[in-house]
Amino acid sequence: SVLYLVYSFLGWVGETVVATIKGRRFANRGVASGPFCFIYGFTAVLLAISFADRPSPLLLFLGCAIDATVVEWVTAKLLERMHRRRWWDYSDKKFNLDGYVCLQYSVLWGLLGMASVLWGNVLLLRLCALLPGWLLHIGVWAAMTLAVLDQLGAALAVNRYAASHPRLEQLNLELEKH
């Protein structure tokens with residue numbers, strides 16, 4: 001759960017910094033209001049489990065790129081269905097699939113995945129070992145509780161908004177078609 005939380009936070013930081021620089025104003029890139037992008041945490045745990053045996057560098061790169069790209073594509077489809085909007089669109093990038101994934105970012109995910117499996121996870125676990133066990137447990141439980149409550153709050157807010165504004169939701173869906 002430490003890997004999940006830390007990579008979710010680091011993913012949010014990276015996404016938010018890039019979006020803020022591009023937009024020249026603060027842009028929270030998380031689905032909810034808290035500082036987490038859970039696709040990064042989920043993918044980091046998936047890669048840590050999938051590649052614990054550390055295959056050759058080429059297989060590790062390809063495996064990380066493929067796994068992360070599949071997670072990104074599935075997440076994009078789910079988010080669009082749940083929130084009725086696209087959270088990202090790579091249609092303008094070469095070698096994209098439905099605008100949800102593209103070769104450029106698949107290569108980046110492969111490199112980042114390799115770095116996390118080979119060095120990042122070990123460093124993170126060593127840093128965690130420096131903390132007293134009770135403090136680490138309290139911190140993880142508190143962060144997970146806040147993250148879950150944040151996600152539930154965001155889901156409830158979106159559903160409540162959609163239910164109370166059916167005409168706006170219908171217009172939003174029609175605008176997305178064009």
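This is a predicted model: local features need pLDDT of at least 70, side-chain atom pairs count only at pLDDT 80 or more; totals for chains, interfaces and linings use all residues.
Residues are numbered from 1 along each chain as its sequence is written, and side-chain values use heavy atoms, with hydrogens and water left out. Local features need pLDDT of at least 70 and side-chain atom pairs pLDDT 80 or more, while totals for chains, interfaces and linings use all residues.

The chain contains six helices and two strands, arranged along the sequence as α-α-α-β-β-α-α-α. Both element types are DSSP runs numbered from the N terminus, helices being H or I of at least four residues and strands E of at least two. Of the 178 residues, 31% are buried, where buried denotes under 20% relative accessible area, exposed over 50% and partly exposed the range in between (1.4 Å probe, protein chains only). Contacts are defined by heavy atoms within 4.5 Å; among those between residues at least 6 apart in sequence, 62% join residues at least 24 apart.

Helix α1 spans residues 2–23. Its 22 residues reach 31 Å from first to last C-alpha, close to the expected 32 Å, the expected span being 1.5 Å times one less than the number of residues. The buried positions of α1 are V2, L3, L5, Y7, S8, G11, W12, T16 and A19. R24, which follows α1, has a positive phi near 60 degrees.

The largest nonpolar core comprises twelve residues: V2, L3, L5, Y7, F36, F38, A44, A48, L124, C128, V140 and A147. Such a core is a set of buried Ala, Val, Leu, Ile, Met, Phe, Trp, Tyr and Cys residues joined through side-chain atoms within 4.5 Å. Two or more residues of this core come from each of α1, α2 (38–50), α4 (103–129) and α5 (133–164), with α1 giving the most, four residues. When residues up to four places away in sequence are not counted, L124 touches V2, L3, V6 and Y7. Another core, of ten residues, lies apart from the largest one and includes W87, W88, Y90 and C102.

F95, with phi of about 55 degrees, is in the loop between α3 (57–83) and β1 (96–97), and is exposed at 64% relative accessibility. D98, with phi of about 60 degrees, is in the loop between β1 and β2 (101–102); D98 is partly exposed, at 41%.

Pockets were located on a 1 Å grid over the protein atoms alone, as open sets of points where a 1.4 Å probe fits, with protein on both sides within 12 Å along at least five of seven lines; lining residues have an atom within 4 Å of a point. The largest pocket has a volume of about 1400 Å³, a volume being the space filled by probe spheres set on the points, which are joined across faces, edges and corners. Of its 44 lining residues, E15, C37, I39, Y40 and W88 are the closest to the centre. Helix α3 gives the most to this lining, with nine residues. The lining divides into 29 nonpolar, eight polar and seven charged residues; Ala, Val, Leu, Ile, Met, Phe, Trp, Tyr, Cys and Pro count as nonpolar, Asp, Glu, Lys and Arg as charged, and the others as polar.

The second largest pocket, of about 160 Å³, is lined by residues including V2, L5, F36, C128 and V140. Its lining has nine nonpolar, two polar and no charged residues.
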